[in-house]
Amino acid sequence: MRLWAKLTAALLPLVVVCASAAWAFSYRTAAGALRAQARQRVESMSIQGSGPVFTAALERRDRAALLSRLEVMTAAGAAHAQALTPDGTVLADTRGGASGRVADAALAQALRGGPTVLREAGGDLLEATRAARRGGKTVGALRLTLSEAPALEAARAAALRLMALISAVAAAFVAVLVPLLMRLLRPLAELRRAVEDLTPDSPAQAVPVRGRDEIGRLAEAFNKMSARLAETSVSREFLESVLEAAPEPMIVADIEGRIVFVNGKVSELLGYEPGELRGQAVEVLVPDASRVRHAGLRAGYLRDPKARPMGAGLDLKARRKDGSEVPVEISLSPARTRQGVRVIAAVRDVTEQRRTREALRQSVIALQRSNEALEQFAFIASHDLQEPLRKVSSYCQLLERRYADRLDQDGKDFIRYAVDGAARMRALITDLLTYSRLGRQETPWEAVDLGGVCRRALDALQPAIHEASARVEVGFLPTVRGRETALAQALQNLVGNALKFRSERPLEVSIDALARDGEWLVSVRDNGIGIEPKHRERVFDVFERLHPQARYPGTGIGLAIVKRVVEQHGGRVWVEDTPGGGSTFRFTLPVKEDA
Amino acid sequence: MTTGLPMRLLLVEDNEGDVRLIEEALKDARAAVTLMTVGDGEAALALLRGQGPHERAPRPDLVLLDINLPGRSGLDVLLEIKQDPALRDIPVVMLTTSREARDVRQSYDRHANSFISKPDDLEGLVRVVSMVQGYWDGVATLPTRISHA
């Protein structure tokens, strides 16, 4: 029941009771007053009426005079009048029929002397009886009756008027009060509607504040609360539209693993109708094989919920509605809401990535196989090439030994060319074998002291150093991780190169290293003939030679070996000018972590 | 201790050119050697055991064994010789083109008495056969020579 109706319902009986009370009171009051007036009137009429004229006529028993006197009284308002003898005989009566006798207590009392005796005569009649005296002697009595009805009628009318007035006032009051109440209560209704609209997820609009009364203050307080709510929470609609706008499938589940929300992308990816998944266990999206495990892992996640990828290192799959599976990546993040912890899962369809990855893996395997086959081939080929070559060279030598005396100079020269050719081919094959062996390295990496390696390389080159009258300086060299023989070969080839390609001036070679940008930079400097910039890439290729064999003998594989060794150790090699002439070969090596 | 008799050398080598080259090298080295030659492992084992056509072949003082042989490999033959109580006292010298560490290790694992890589030229080969003959026939004492003493 509305407040205004309650108030009206409470007021209405009050008005009725008040009006009734007013009516009763006013009626009683008016009736009392009017009856008192009637009494006075009948009394004074009786006093007047029982005057000397009436007494004289009574004494004389003059009925006509009495009657005319009585009729004066009825004309003045009395209902009827009687003239009575002391024994009660009616001498005159305005109602006619002046006969009979009256014997009652009121007459007896009036005859005993004293004032007018008043008596209710029934039927709204008031009866006044007064003795008529003359010279101390009672000659009879005047009896008057007066109807009280007009007085009571007047009293009733007055009371009714009062009641009507009260009712009118009450009606006017209600007519004014109800709209006023309703007007007063309107902000409350607005407030009620605002509160009804208010949910944890959508703070209400501000309600208008009307005035500074209690309701106004309430509205103000409500607006403040609503604003605070708006600051601290975001509506579900907003969140859901954010998730809906996400380019990838998003799933929100509650702590029980029930799906609370999925965006359209999920339905698209997994073949569900929109809204179909809501309320289902997330396990419906997990392939049958992992379902039980998933439930366990989910419980584990909830013990320590934080943002992280799901199933790190595993190839996850999601189950479509039709039971087929789709490869996915999933990242999880928890969200604490008033409804409890929610887990938001962002899903990514990685079918394409997995396919690409698999293709890449297959290519790498194929490439590895092909590389291995190639290395195997190079190794076997060079190994097997040695055998016939050895025979060619050996038999040529045998020819020379046994038949030298029977050959002319041409014959001897031809044999020498054949022997030289075989020797050169052997060198090529040996170098190729060395190069291909680098690809077959199976020895484990170890800590290698480049200083020691360098000393050994220089020992091996000692005859060539001596022959070139070269000055070789060795500076700081670090300890690195790698294969000692391979690194020794690389250093030996670089220094050997410097010894070979020397110029006219005395050869100076220096070897040192420094740490730069988190790696070692090893330099082998010479003041030899240098390398033209356009050839600086080529020199590292297999069998690449810049100079005629006669002048600088060699197979052209030395720097290719250097490059391969350095690259196998995770470094790079290149060549620069040495200021003042010559070449500086530089290569990098990773800094050994525990050195 | 030498007996004055030429050392009996069994060469297990399938390539005729190589056989001839070793013969020539021995000639050049003026080594006092009686050379017996077989072309494969089965023949070598038959000869060592005096079986089949080799029934009357004398027991060699030293075996020069190639690794790359048709049929059973030299390493296989080596293993069989060294597992045979009747043969395992005969020194076996592996003479091969291989320089592979794996071949070297496997040869010694199977109790080869030495491993020699064939030199690349004739001079080297002459030097090597001369040294082999000089060592086994001069410096060392062969088990076969004790009974002859």
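This is a predicted model: local features need pLDDT of at least 70, side-chain atom pairs count only at pLDDT 80 or more; totals for chains, interfaces and linings use all residues.
- As background, strands of a sheet pair through backbone hydrogen bonds, and they do it either parallel or antiparallel.
- For S13(A) and strand S15 (residues 508-516) of chain A, the pairing is in the parallel sense and runs over four bridges.
- If you want to find that pairing on screen, look at A:Val474, whose bridge partner in S15(A) is A:Ile511.

- You'll find A:Asn527 in the loop between S16 and helix H15 (558-568) of chain A.
- A:Asn527 counts as buried because its relative accessibility is 13%, and the cut-off for buried is under 20%.
- Setting aside residues up to four places away in sequence, A:Asn527 touches A:Ser503, A:Arg505, A:Pro506, A:Leu507 and A:Glu508, plus A:Gly581 and A:Gly582.

**A:Arg133, elsewhere in chain A**

- A:Arg133 belongs to strand S4 (residues 125-134) of chain A.
- With 37% relative accessibility, A:Arg133 counts as partly exposed.
- Its contacts, leaving out neighbours within four places in sequence, are A:Thr55, A:Ala110, A:Arg112, A:Gly113, A:Gly114, A:Thr138 and A:Val139.
- With A:Thr138 there is a polar contact from side chain to side chain, at 3.2 Å.
- A:Leu111 is 22 residues away from A:Arg133 in sequence, and the two are 9.4 Å apart from C-alpha to C-alpha.

**Where the chains meet**

- Chain A puts 15 residues into the contact and chain B puts in 17 residues.
- Between them, chain A and chain B bury about 1600 Å², with 44% of it on carbon and sulfur atoms.
- On the chain A side, the most area is lost by A:Arg390, A:Arg401 and A:Arg402, which together make up 33% of what that side buries.

**Chain B as a whole**

- Chain B has six helices and five strands, and along the sequence they follow the pattern β-α-β-α-β-α-β-α-β-α-α.
- Of its 149 residues, 50% count as buried.
- Take the contacts in chain B with a separation of 6 or more: 68% of them come from residues 24 or more positions apart.

**Helix H2 of chain B**

- Helix H2 (residues 41-48) of chain B is mostly covered, with six of its eight residues buried.
- Those buried residues are B:Gly41, B:Ala44, B:Leu45, B:Ala46, B:Leu47 and B:Leu48.
- Their cover includes strands S1 (7-12), S2 (33-38) and S3 (62-65) of chain B, as well as helix H3 (74-83) of chain B.
- At the start of H2(B), B:Asp40 has a side-chain oxygen within 3.1 Å of the backbone nitrogen of B:Glu42.
- After H2(B) comes B:Gly50, with a positive phi near 65 degrees.

Definitions and conventions. Residues are numbered from 1 along each chain as its sequence is written. Chains are lettered from A and ligands numbered from 1 in the order in which they are written. Side-chain values use heavy atoms; hydrogens and water are left out. Buried means under 20% relative accessible area, exposed over 50%, partly exposed in between (1.4 Å probe, protein chains only). Helices (H or I, at least four residues) and strands (E, at least two) are DSSP runs, numbered from the N terminus. Contact means heavy atoms within 4.5 Å. A polar contact is a pair of N or O atoms within 3.5 Å; within protein, one must be able to donate a hydrogen and the other to accept it, and residues adjacent in sequence count only if both atoms are side-chain atoms. Two strands pair if DSSP finds at least two bridges between them. Buried area is the accessible area (1.4 Å probe) that two parts lose on being put together, summed over both.
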